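Here are my notes on the charged side chains of this model. Please read them with the structure open.

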Amino acid sequence: MRRLLTTGALALLATPTFATVLDGEILRQSGFGDFVKLDTDTPFAVGNDTFDDCNLYAFDEDQNILLVEPIRVDIGGNNGVIPQGSIVASHYVFFDSISGIHQGYVDFDAPILGVATFQDTMAATDFLANTGVEYISIELRGLERGDDVWIDENNPNRLWVYWAGSSPGDFVRVFTAQSAAAMM
């Protein structure tokens, strides 16, 4: 019996787990919408008004990647950089609303290391997307003047968003640490 338990425990440890989007919520907005976690196993396109609704969306991109070079971020990091040798998971968060103000949050199962909020930092980290998602109108990604995102200072696994929605939407890439479960 003891051997069976040990083998089972080893199998659990060997099973890959990932830093993932857990949940989210919209707290205030000028329309009606919900938080939606998208499944990247089902193909879809993001950008250029492909959703055009009041939902807050998130999906997981590439997971638990060892950075062979540092990446620059606009929020977080160590002086705006996540260093070489870090293991990160990448996630995409967006509103593709028609108009209005939207405030909410997205929770992850690992601490947020940094966020790319501008087109150039998002483009420089596209190699971490690695999904079947089609990214269109990539030159229009990022945040506009007046939009804000921040990492909750009391909960480093939570990203807050305050966005004034307009065409084509607001898009950020979030980098989290490796899942705690994957490090056991």
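1. A term first. A polar contact is a pair of N or O atoms within 3.5 Å; within protein, one must be able to donate a hydrogen and the other to accept it. By that criterion, the side chain of Arg 173 contacts the side chain of Thr 125 at 3.1 Å. Keep in mind that this is a predicted model.

2. Where does Arg 173 sit? It is found in strand 15, which covers residues 170-177.

3. How many salt bridges does a search of the whole structure find? The search finds six. One of them pairs Arg 173 with Glu 61, side chain to side chain, at 2.7 Å from N to O. Arg 173 belongs to strand 15, while Glu 61 lies in the loop between strand 4 (56-60) and strand 5 (65-66), so this pair ties together parts that are 112 residues apart in sequence. Both Arg 173 and Glu 61 are buried.

4. Arg 141 and Asp 126 also form a salt bridge, with the closest N and O atoms 2.9 Å apart. Arg 141 is in the loop between strand 12 (134-135) and strand 13 (148-151), and Asp 126 is in the loop between helix 2 (119-124) and strand 12, so the pair ties together parts 15 residues apart in sequence.

5. Are the partners in that bridge buried or exposed? Arg 141 counts as buried because its relative accessibility is 6%. Asp 126, at 27%, counts as partly exposed.

6. Glu 61, Asp 126, Arg 141 and Arg 173 are linked in a network of salt bridges.

7. Asp 107 is buried, with a relative accessible area of 14%. Arg 158 is buried too, at 18%.

Technical notes. Residues are numbered from 1 along each chain as its sequence is written. This is a predicted model: local features need pLDDT of at least 70, side-chain atom pairs count only at pLDDT 80 or more; totals for chains, interfaces and linings use all residues. Side-chain values use heavy atoms; hydrogens and water are left out. Helices (H or I, at least four residues) and strands (E, at least two) are DSSP runs, numbered from the N terminus. A salt bridge is a side-chain nitrogen of Lys or Arg within 4 Å of a carboxyl oxygen of Asp or Glu. Buried means under 20% relative accessible area, exposed over 50%, partly exposed in between (1.4 Å probe, protein chains only).
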